[in-house]
Amino acid sequence: MNSSLSIKLLQCAKTFGSGAPALEPIDLEIHPGETLVLLGPSGCGKTTTLRLIAGLEFPDAGGRVLFGDDDVTDLPIEKRGVGMVFQNYALFPNMTVGENIAYGMKIRKLPAAERAARIDALLDMVHLQGLGHRRIDQLSGGQKQRVALARALAVEPRVLLLDEPLTALDAKLRETLRADLNQLLRKLGITAIYVTHDQGEAMALGDRVVVMERGKIAQIGTPQDIYYRPASEFVADFIGTMNRVSGVTRVGHLQIPAGIVPLANVKPDRQATAMFRPEDVEIVPLDTAGAEIFGDVMSTFFMGDRTRLLVDVGTEMPVIVETRRRGVWHAGEHIGLRVPEHAVMQLPAQHFSGETRS
Ligand SMILES: Nc1ncnc2c1ncn2[C@@H]1O[C@H](COP(=O)(O)OP(=O)(O)OP(=O)(O)O)[C@@H](O)[C@H]1O
């Protein structure tokens, strides 16, 4: 595989027709060999960003796209050396698996022997050994996506672009393919950009994740950064489930109607909101000193590997608790909770609407 490439978008905006810009001017650097995931709700500009990198769209005047030191802003897709994988496979249905994979190599006039050798290696790589002669319509969805991946890699692209490649597959298959893809991307060390609206996929595959919101970058960071240190309410809400409880600050904690939540470095006697993840809330016996919040179970959902509880703690919204303990809890039961200090977040004040005042 080619040595890895860095990609830069400099002040890249995109406006379609006379409407509002689909993408505000963004700066984005993708490091050589990393998998960067573009994540966000429908219409936030993920695909547009990917298409700007591919050369399927061109930025508004002033925007520039760099591949390494090369300015590729005006180059069309076929001159950029990119491989693409789409949600709907985009395979040639009347050709065999092998012919599909060979297509780009044929256009590049690679000798037949080399093509055949490379097809075999690629089929191995995507775990489709021996299926080179199958017709596309004789394949499952997962197998089709493996062919699409092999076809994209066949021409040894400098960068791999993937647009929701797993979205059309059922949950189980998606997980298998996600694991294989993860392994493959690490092994190849190719620079890859991956678009998805699925946060689980983003977390699992991305070295870094870009969360997008209405044509802008809301946050860039490692999956851990995004999950544990969301930069805004939007990011906190989009990734996973977040509890919010409001109350009055005391030294070292937040006083809420049914107890306290640890909150370091706050000035006392102010209204504030603390946030924490459901899986960080501990259920503790009522009769020990450990309980810091007291609440009434409103409902429980057994989810197999964990149980989710909605607990009324006297705040506007119930607290959501997720536990892997094997207990059984009942609606109406009075329970004790505790949130460890390290799990409690406060958003940076400038991003925070409403609750925090100084
Ligand atoms: N060719 C086009 N002409 C006009 N508007 C477009 C075009 N392509 C995208 N848009 C608009 O630009 C905005 C961003 O679209 P984009 O496809 O990048 O979003 P997305 O985040 O990939 O969404 P999705 O997950 O639904 O694919 C949307 O409002 C969309 O309607």
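Modeller: Two strands pair if DSSP finds at least two bridges between them. The model considered here is predicted.

Colleague: Which residue in E2 is the bridge partner of Lys14?

Modeller: Leu23 is the partner in E2. Strand E1, residues 7–14, pairs with E2 through five bridges, in the antiparallel sense.

Colleague: And in what order do the strands of the open sheet come?

Modeller: The order is E2-E1-E4-E5, four strands with antiparallel pairing.

Colleague: Which strands stand at the edges?

Modeller: Those are E2 (23–30) and E5 (70–71). Each has a single partner strand, so one side of each lacks a neighbour in the sheet.

Colleague: Which helix lies across E1, E2 and E4?

Modeller: Helix H1, residues 46–54, does so, and runs at about 120 degrees to E1. Strand E4 covers residues 64–67.

Colleague: Turning to helices, at what angle do H2 and H4 pack?

Modeller: The angle between H2 (residues 97–107) and H4 (residues 141–154) is about 25 degrees, and their axes are 7 Å apart. H2 is therefore roughly parallel to H4. Their crossing is right-handed.

Colleague: Which residues meet there?

Modeller: From H2 come Val97, Asn100, Ile101, Tyr103, Gly104 and Met105; from H4 come Val147, Ala150, Arg151 and Ala154. By class, this contact has seven nonpolar, two polar and one charged residues.

Terms used:
Residues numbered from 1 in each chain as written. Predicted model: local features only at pLDDT ≥ 70, side-chain atom pairs only at ≥ 80, totals over all residues. Axes fitted to C-alpha atoms, helices over the stretch in contact; angles between N-to-C directions. Helix = DSSP H or I, 4+ residues; strand = E, 2+ residues; numbered from the N terminus. Parallel < 35°, antiparallel > 145°, perpendicular 65-115°, else oblique. Left-handed = near helix turned anticlockwise from the far one by under 90°. Contact = placed C-beta atoms within 7 Å. Nonpolar A, V, L, I, M, F, W, Y, C, P; charged D, E, K, R; others polar.
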